[in-house]
Amino acid sequence: MSTPSRSSAALVGREAELRRAAALLDEVRDGALAAVHLTVAGEAGIGKSAWLAAVADRAEGFRTLLGRGAEFEREVPFALAIDALDDAFAELDAAALAALGSTRLEELGAVFPSLAAHRGVGGAAPLPAERYHLHDAVRVALEVLAERSPLLMMLDDVQWADAASVELVSHLVRHRPRGPIVLALAYRSRQLAPRLTQALVAAEHDGDAERIELGPLTLSEARDVVGVAVSDDGLRTLHRESGGNPMYLIELARLPEGAAFATDAAPDGVVADLDREQVPVGVRRAVAQELAAVSPGAARLLAAAAVAGDPFPIALAAGIAELEGAELAAALDELVDLALVRPAGDARRFAFRHPIMRSAVYLSSGAGSRLEAHVRAAAVLERQGATAAQRAHHVERAAAQGDEAAIDLLAEAALSVLARAPATAARWYASALALLAPTAGPERRLGLLVPLAAALGATGALREARVALAEARALLPADEVVVKARLAGTLARIDHWAGGHGEARRLLVEALDEQADPAAAAAVEIGLELALDDWLGRAWPRMLETSVGVRAAADRVGDDGLAAAAHSLVALGAYYVGDVAAADGAARRAAELVDPLADGEVAARLETLVALGHTEFGVERFDDAERHLTRALALCRATGQTWSYVPTTCMLAVPLLWRGRLDDAARCARAAIDASRLEYATPQVWALSVGAWVATLQGDVPAALRAGEEAVELALTLDAATYSWLPYGVHAMALAAAGQAAEARDLLLEHAGGSALTAIEPALHPQWCEFLSEAELALGGVGAADAWARRAAAAAGPLGLAGRDAEAARAAARVHLARDEAACAAERAAEAAAGFAAVGRSIDRAIAETLEAEARSRLGDEAGAVALLMAAHERFAVAGAVRRRDAAAADLRRRGRHTRTRRAEPPRDSDRAAGLDLLTPREREVVALVARGLKNREIAAELFLSQKTVERHLARIFEKLGVSSRVTLTRLALEDRPLAG
């Protein structure tokens, strides 16, 4: 039976999908469409690789980059990214490198060999939590490359991508590069990493990704693949046994017609392991026959190549096979002639015909042969001067238990990649632990367990990290009371972050009971951990009681670091139970103690600064809060305390928000969100909540709703979460800004403990009572709004905080306005503005000023109203509260006054026909089809686009023309005959 070409066969029946991809590429190249992602999914052998190659052939004007995941190298950090990008980065000229900047170049140089000369020397290693900086550097580098020509970055077999590359690609999917860039991913449908699957689903939902699924071929298409030499019965058999899979069709066609497919096993069990890929038996027979026909020398090289990688450097494969000269050349020629391997871009690298072929070769080698091959591979790489990280992949497969040199190499390799590829570091630390001899001492195990836990924690594998830390704690000598207490405290925090609670607290209580002297430093350390555990567990009265007792003991010990920590926790506990005066006093004493301490003394108890900063912004000392939280974040970075990065960054955003520094707060929120996506659910809830809060204040309501919805969805998956009300509260803010007052009110009350707001700390009750009052006003419930305004005043009274009193006054001003009591409204709004001004809450002050302006206007004081609006407009503009700024500007325009930040108004109907000239050719095509009455689905079919792409076009068309309906769009199209034609 004749054997068709695999590449041509894989394209049979794919013309419609190729037209869709080509149309999308044309739009990106011509500037009609922003950077977009293209994904193609399907089972093994369905033709994804050939389809990608065909897309590249149609990518006129694009520079194409290609990288491919490899099944047996999934632990090699950034293997996929380096394969795709390193050659392109090597070509960056001086101007392009300068455009990247030194910081980004250092990040890139730490990963990409072609930029290794820019690798930073010395200094502290970056936090694993901040590895998104590297991801962002890659995004910017792609944008620099795209300035020279449109870019098509194709990543094949992404289901086998290493964890570090998965994180990078997920970041690129979520943070679309600017410019003419298409990221094309090919993967097996059911094997993609969950992180990347989530990112792609979100991108598809937002219209930023096109997904194409390659399905099986029809019977007639199968005929085009195998040719006319096959009988009709033979074709039906081939189609049935292959499932319409083009690669399987080709492989089955290698067997004589009439061969048994479904009942025979592969000869002698060769490549039987391929059934894990659900490869049909007939295909395995065909592969086995091919491999059996290879000469001994070529088989030796092929087996070595399977160990060396895919694609594989021929020098490494030759070293593993111990072939050289004419013998090597003959073996390589034979493999190329048999189409088992093919050149992969240059004369030094080759790739297997298909990953299934590589799997067959690798798995058909005996375990002993593979082990020896990995030993030789490690030796060859060592002779070539390879780094520990480059050798670790082979060493971990070849080393025997007790091999101290291998253990040291794996630990060295793990440390070298921990900051940017913690998943790989965790694997190598675990492999090193597994190699330890049974007689290894506890110090040796401890030296691997602690960094293993840190690496696992950085990837979000909290339960595994907890197991490692618990083992480490058990190995500590009994007299290491302080270290054991701190580890128990870390275990308790992991329990909370993972949604559980209990065991670690029991350890702390037992440790405290074992202390003979409750006033000793060790007892104080344990007490501090118990107080922190109470805070995370929302047991606030008990937290205050515990921390007060600890404070007394700490003061007697005479250690300023311990005393500062104790006073900061007393402050936080007092704040959470509503005793603001006590909180403020304890916070001031904690600051007196901690500020003179050296960084090294404070870093051991970073929670001191975090608790202190939290209390300070709670009692409206925002400058002090920012100062202490900024120091905490700097120490977090300097000492590698990656666990604290996201919570501290989220905390730092809060005083910035209150003071109206929205750009700075937004930077914190973005950093926290990007870092939290690399970890686990709890910090994502915090980060997304802060992001939704920032976006609401900025006036970006769609972004606020997206972040709030995601935060709520994640929070609902947790058994327990710190700040359990927070995601629901900020999502309620976004809903209210979107005009959904009833939904906002109900969501908050459901998750804040009902109308008593028992889930919210008392110091915040005035804020949320005011929020509920405003929601009731939006719904027409003036009486209910008045009740909440009175609740706000009652809650604010005992606190003695100017900002909380101002919230109550502002709520009352709104109610007075609703009742047309303008004089009272003006008085209470002015009172609110003064209160907010006293504590530096500029956005809140400006909101109060707009209320006073409305009241002044009703009283006939138009000049006073304009002055207040002008001041409010300026404050909104400086803060970056765009939506409120524009509302103030519109109000001023209605009063005959104009501002410098005037926003462009939508075009008038009479101007819209001229606006049609602003549309791109593709957008004009879409308008013409709308005018013909076609629905989005029909337009997509007509233009070979997806429905999502059509929706994106229509959204841009509506925005450009200032229209909001298809009816108006159709009228404009019919008025402009050339467009309709």
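Biologist: Which residues lie nearest the centre of the largest cavity, and how many residues line the largest cavity?

Modeller: Happy to, and please keep in mind that this is a predicted model. The largest cavity has ten lining residues, and those nearest its centre are Gly 45, Gly 47, Lys 48, Ser 49 and His 354. Its volume is about 80 Å³, and by class the lining divides into four charged, four polar and two nonpolar residues. In total, four cavities of 30 Å³ or more are counted.

From there, let us turn to helix packing. Helix 18 (residues 367–383) and helix 19 (residues 388–398) have axes that come within 8 Å and cross at roughly 150 degrees. Since angles over 145 degrees count as roughly antiparallel, helix 18 is roughly antiparallel to helix 19. Their crossing is left-handed. On the helix 18 side, the contact includes Leu 371, His 374, Val 375 and Leu 381, and on the helix 19 side it includes Gln 390, His 393, His 394 and Val 395. By class, this contact of helix 18 with helix 19 holds seven nonpolar, four polar and three charged residues.

Helix 8 (residues 163–174) and helix 9 (residues 194–205) pack with their axes 9 Å apart, at an angle of about 10 degrees. That angle makes helix 8 roughly parallel to helix 9. Among the residues that meet here are Val 166, Val 169 and Val 173 from helix 8, and Leu 196, Ala 199 and Leu 200 from helix 9. The contact of helix 8 with helix 9 has eight nonpolar residues, with two polar and three charged ones.

Note on methods
Residues are numbered from 1 along each chain as its sequence is written. This is a predicted model: local features need pLDDT of at least 70, side-chain atom pairs count only at pLDDT 80 or more; totals for chains, interfaces and linings use all residues. Side-chain values use heavy atoms; hydrogens and water are left out. Axes are lines fitted to C-alpha atoms, for helices over the stretch in contact, and angles run from 0 to 180 degrees between N-to-C directions. Helices (H or I, at least four residues) and strands (E, at least two) are DSSP runs, numbered from the N terminus. Angles under 35 degrees count as roughly parallel, over 145 as roughly antiparallel, 65 to 115 as roughly perpendicular and the rest as oblique. Contact means heavy atoms within 4.5 Å. Ala, Val, Leu, Ile, Met, Phe, Trp, Tyr, Cys and Pro count as nonpolar, Asp, Glu, Lys and Arg as charged, and the others, Gly among them, as polar. On a 1 Å grid over the protein atoms alone, a cavity is a set of points where a 1.4 Å probe fits but cannot get out, and a pocket is an open set with protein on both sides within 12 Å along at least five of seven lines; lining residues have an atom within 4 Å of a point. Grid points are joined across faces, edges and corners, and a volume is the space filled by probe spheres set on the points. A crossing is left-handed if the near helix is turned anticlockwise from the far one by less than a right angle, and right-handed if clockwise.
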